[in-house]
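Reader: Please take a close look at one part of this model, namely the places where its parts meet. I would like the criteria behind each term to be stated alongside the values.

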Amino acid sequence: MTIEFVGVENIYPGGARSVRGVSFQIREGEMVGLLGPSGSGKTTILRIIAGLERPTKGDVWIGGKRVTDLPPQKRNVGLVFQNYALFQHMTVYDNVSFGLREKRVPKDEMDARVRELLRFMRLESYANRFPHELSGGQQQRVALARALAPRPQVLLFDEPFAAIDTQIRRELRTFVRQVHDEMGVTSVFVTHDQEEALEVADRVLVLHEGNVEQFGTPEEVYEKPGTLFVASFIGESNVWTRAVQNGRIEVAGAALPVDPAVSDGSEVAVVVRPKDVELQPASEREAHAQVVRSAFKGSYSACWIRTKDGEVWEVHVPSADRHRWSPGAWVHMNVTRWFIFPR
Amino acid sequence: MRFGRMALDSLISGALILIFVLPLGAVIQQAFSGGWSSFVQAVMSPIAIRAFELTLAISFVTAILNTAMGLLIAVVLERWRPVGSGALDAVIDLPLAIPTTVSGLMLVLLYGPVSPVGRWLTEHGVAVVYTRLGILFALLFVTVPYAVRALQPAIQALDVRQEEAAWVLGASGRRVWLKVIVPALRHALGSALILTFTRAMIEFGSVVIVSGNKPMQTEVASVYIYGLLENYDQRGAAAAAVILMFLCALAFVLEARLLALLGRRRAVRWAAAEGGTRHV
């Protein structure tokens, strides 16, 4: 099922705007990650899709049908909450069958569906347990089975992995992606973890202060950020402000060309990813900067280098070479890739 | 340090004995001072039996009505929060803050035959003061804070996400109440029920003013005990007091047993899921 937002705005009773005229379209069978910092409006958008919030302005369409005024009971969506929101007084079986009971599905059919989902979620032997007797990962799988039971057109996840420890989180991410692929539903998940969004989603909707900053594939938002916010929010980056002089800006000893439309004297932001800086040993007189600290991070090492202007840059080098860039070493910097945005 | 701890323990034990154990012992001793047959005779008189029947019945009705009312008020205070809910929250405690005799007086002045309300009710065939209806009104007034305060924290602690999950799964508002909210509140509802029931059982001040204390008609157990004392029948009063205390204690025990039973049923189902290997 496709999901479409057309000029959706949401204003809270106090007057605060959580979503500001947002428009986007999610394709059928796609898995989309809503990514942004706290207060960016991502959870509100998810709740609007579910029908738990009504937009102040604009329209929501699911599967080509206008659902703006439709209550959550009639939208046929599945929702998995961050805290799982399992019914604590019900067993796993009763939790999973809840939606089917509400839809008055015949008992045999209901039982078969619940057992199929419990098998799929590897929860068969936990059918008679209560939620408080399960681990976080198991509870998450129960919540997923409960959401999937009534065969929803759209599956929504509100920060689904936030309350789970790192190891299980990685397994669950893969599992959720597998569930999405096998069930063939359209999925939307909210996260503030960019690694999670880039790994799991087909496309990522980057939100900031209730606006859509960029909607694209993980590669697009990382490699071709559309705004300064996206460039600085997705992935690690060095962000500096420079004044344009003769159509160029000076960065680490190099004069980088700027869009001719930007007039001389105006300020721009230059964003350089730590992986896009090459270091070379240099004498103190010729060097651009000096290494002040380095940290081993596994496949790469992070070096923090201070330029002669006092700026501290983060640069990533292969871990095999890290002994060359020990604190105190003088280096020459070569910026291989950069993004420039108006300030 | 150790001496200080011992002194504190002794002080607490002494105080408990003085204000709790000794008076209780005195009542029990007095109740059985004439032997078992005298005790039975005192509590099995028709007036005593009728007083206990009335007390139990009217306390039960009060507990049911006020638990429902308490739930409604607690929901309004914690969920809907309309304008003036702060004032309502404060007013709820009014019956706790004023003497219960004043509560009774308020009801007599409002519903008595000389007041406009009382006159209007009488004209329409409804008598409140000096009737069982009056006793019910007094008990409802006196016990409502117990129900509200027992339920408020439980409603505060409800996970709204569970209700939202139920809506998204297709449940109507009524079904969400029945299947999600009420079961989640069952312990608090049980507490509200027992607290209002026991408080209604022992109420005296408001009832003595409102009920008219007609034996076999409007005389409740606490007023019956008072009547016996006024007639210098200390042994009879003590015997009735023992029964009243026993009934209240029984209510608390039943509540505890019920909660334990719910917990055990959970554990049994869990054990069944484990193939019956878990000892419960």
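Author: Buried area is the accessible area, taken with a 1.4 Å probe, that two parts lose on being put together, summed over both. This is a predicted model, in which local features need pLDDT of at least 70 and side-chain atom pairs count only at pLDDT 80 or more, while totals for chains, interfaces and linings use all residues. Residues are numbered from 1 along each chain as its sequence is written, chains are lettered from A and ligands numbered from 1 in the order in which they are written, and side-chain values use heavy atoms, with hydrogens and water left out.

Consider the boundary inside chain A. In terms of contact (heavy atoms within 4.5 Å), nine residues of domain 1 of chain A meet eight residues of domain 2.

One salt bridge (a side-chain nitrogen of Lys or Arg within 4 Å of a carboxyl oxygen of Asp or Glu) is counted between the two domains of chain A. Glu223(A) pairs with Arg337(A) in a salt bridge whose closest N and O atoms are 3.0 Å apart. The residues of domain 1 of chain A that touch domain 2 comprise five nonpolar (Ala, Val, Leu, Ile, Met, Phe, Trp, Tyr, Cys and Pro), three polar (the others, Gly among them) and one charged (Asp, Glu, Lys and Arg).

The interface of chain B and chain A can be described in the same terms. Here 24 residues of chain B are in contact with 30 residues of chain A. The area buried between chain B and chain A is about 2,400 Å², with 58% from carbon and sulfur atoms. Two salt bridges are found across this interface of chain B and chain A. Glu164(B) and Arg47(A) join their side chains in a salt bridge, at 2.7 Å from N to O. Helices here are DSSP runs of H or I with at least four residues, numbered from the N terminus. Among the helices of chain B, α9 (160-168), α10 (173-184) and α14 (234-273) each supply at least two residues of the side that touches chain A. The most is given by α9(B), with seven residues.
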